[in-house]
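The stops below are given in the order in which they may be selected.

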Amino acid sequence: MNIEIVTIGDELLLGFTIDTNAAHLARELAALGVRIVRRATCGDDADSIATAVREALERTGAVITTGGLGPTADDMTKPAIASIFGRGMVMDAAILSSLEERWLKRFGHELPASNRQQAMVPEACTILPNRHGSAPGIWLEDAQQQWVAMLPGVPREMRGMLADTVIPHLRDRLPTGGPVIRARTLRTANIAESALADKLGDLARGVNGLSLAYLPGNDGVDLRLTSYTLPARETEAALTAAALLVRERVGRFIYGEGDDDLAMLMLTECATRGATLAVAESCTGGMLGMRLTAVPGSSRVVQGGTIAYANAVKVRELGVAQGDLDEHGAVSEPVARAMATGARLRFGTNIGIGITGIAGPDGGTPEKPVGTVWVAIDLDGEVRAVRAILPGDRSEIRYRAAQLALDRLRRAFERDPDPVAWTARG
């Protein structure tokens, strides 16, 4: 089954609201074996909505829309789509009664006149109940089995209705034993997309008939394996076998799967080992500490941290030698090492992490360009340090520096003997 998605709203076109609905729909429907072949966004005017949906119906005959089902004048989805099917609009007494009861019970007064619009529906449609809000969804279908499912634009409501009504309805329409779409993601850190392709060699374009996509981001490059043609009973085995082949080629650069967060993984590893940690941050300004303490239960591991932006703070709070600062500068290996050890000793932990760098946009030199970062890990007195030149703007460099520090901690736990593992190229 091929489906198109049309998300509706001026706020989406203007960029004031990020369209998370289309991404959620694509993921959930792919799990059914439904392929999203096109996604479109249009404004709140009736002509734009009708044009977008009509063209989608002509291509696939199956469309899901989100948005434009509310009570205001710009909510034009229902009448615009009804016109495509040659249907008029009628008042649904059951919906109106439900809205009146909801307003009286929840707000203590009668239903506003503008909200009566939510009870107007296309003729001969199927109502999709909304247990998560006031606007019901609509399923509209013609004799040729072309259909449109209209869902609210509020993400919480849309997700709930998708699970409650649309997915069960689509599942009933799908042939049993047919192909499903399944994916598995392997997460990497501190290796470039081109370097991954080199390591994968003949697997770079696909593995055992499964597609392989490269998804670069601030965390690293995710490798996503996808099966489009196999039945459900075969997909998991195929994905597992393909993931094993990729792991054999990429090796230590893979740190997790799916939505694994490196901060959470490292906190779990620390807790398993009974280890505690502290951080000393300069260019990241507390970002590493924020990522760690955002994880519930992190207080069992994280003891504290120091934001040592000024050199005087590095000396006074972390014991960095003034001589090292004078000779090597704040962004240097000796300073990063001293910061890591200073954090470990100051807070009485097993692990100290030190980060110093140039996040930009100014402050770089030919010897130390913007993006230069030193990270050091002090693990029970054994200190390792790495220099990286990270790409991106100030925000991206700071985030990537924190990710680099977490990955260096992972490598320190592994006692990785390969010196290449401690050379990052951004």
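In which helix is the place of Glu269? Select helix 9 (residues 262–273), where Glu269 is placed; helices (H or I, at least four residues) and strands (E, at least two) are DSSP runs, numbered from the N terminus. The model is a predicted one, in which local features need pLDDT of at least 70 and side-chain atom pairs count only at pLDDT 80 or more, while totals for chains, interfaces and linings use all residues. Residues are numbered from 1 along each chain as its sequence is written, and side-chain values use heavy atoms, with hydrogens and water left out.

Glu269 has a relative accessibility of 28% and counts as partly exposed; the classes are buried under 20% relative accessible area, exposed over 50%, and partly exposed in between (1.4 Å probe, protein chains only).

Next, select Arg171 in helix 6 (residues 155–173). Arg171 is partly exposed, at a relative accessible area of 47%. A distance drawn from the C-alpha atom of Arg171 to that of Ala336, 165 residues apart along the chain, comes to 56 Å.

Move to Thr188, which lies in strand 9 (residues 182–188). Is Thr188 buried or exposed? With a relative accessibility of 0%, Thr188 counts as buried. A polar atom of the Thr188 side chain lies 2.5 Å from the backbone oxygen of Val221. Leaving aside residues up to four places away in sequence, Thr188 touches several residues, including Leu196, Asp219, Val250 and Phe253; contact means heavy atoms within 4.5 Å.

In the loop between strand 9 and helix 7, select Asn190. Asn190 has a positive phi of about 60° although it is not a glycine, and at 22% relative accessibility it counts as partly exposed.

Now display helix 7 (residues 193–200) together with helix 8 (residues 232–250); they pack at an angle of about 105°, with their axes 8 Å apart. Helix 7 is therefore roughly perpendicular to helix 8, a term that covers angles of 65 to 115 degrees. Axes are lines fitted to C-alpha atoms, for helices over the stretch in contact, and angles run from 0 to 180 degrees between N-to-C directions. Helix 7 contributes Leu196, Lys199 and Leu200 to the contact, and helix 8 contributes Val246, Arg249 and Val250.

Continue to helix 14 (residues 394–414), whose 21 residues should span 30 Å at 1.5 Å a residue; its end C-alpha atoms are 30 Å apart, which agrees. The expected span is 1.5 Å times one less than the number of residues. At its start, a side-chain oxygen of Asp393 reaches to within 3.2 Å of the backbone nitrogen of Ser395. Just after helix 14, Arg415 takes a positive phi of about 50°.

Two loop residues complete the tour. Pro361 is found in the loop between strand 15 (351–357) and strand 16 (372–379), and the peptide bond from Gly360 to Pro361 is cis, with omega near 5°. Finally, select Asp380 in the loop between strand 16 and strand 17 (382–389). Asp380 is not a glycine, yet has a positive phi of about 55°; at 54% relative accessibility, Asp380 counts as exposed.

Definitions and conventions. Angles under 35 degrees count as roughly parallel, over 145 as roughly antiparallel, 65 to 115 as roughly perpendicular and the rest as oblique. A polar contact is a pair of N or O atoms within 3.5 Å; within protein, one must be able to donate a hydrogen and the other to accept it, and residues adjacent in sequence count only if both atoms are side-chain atoms.
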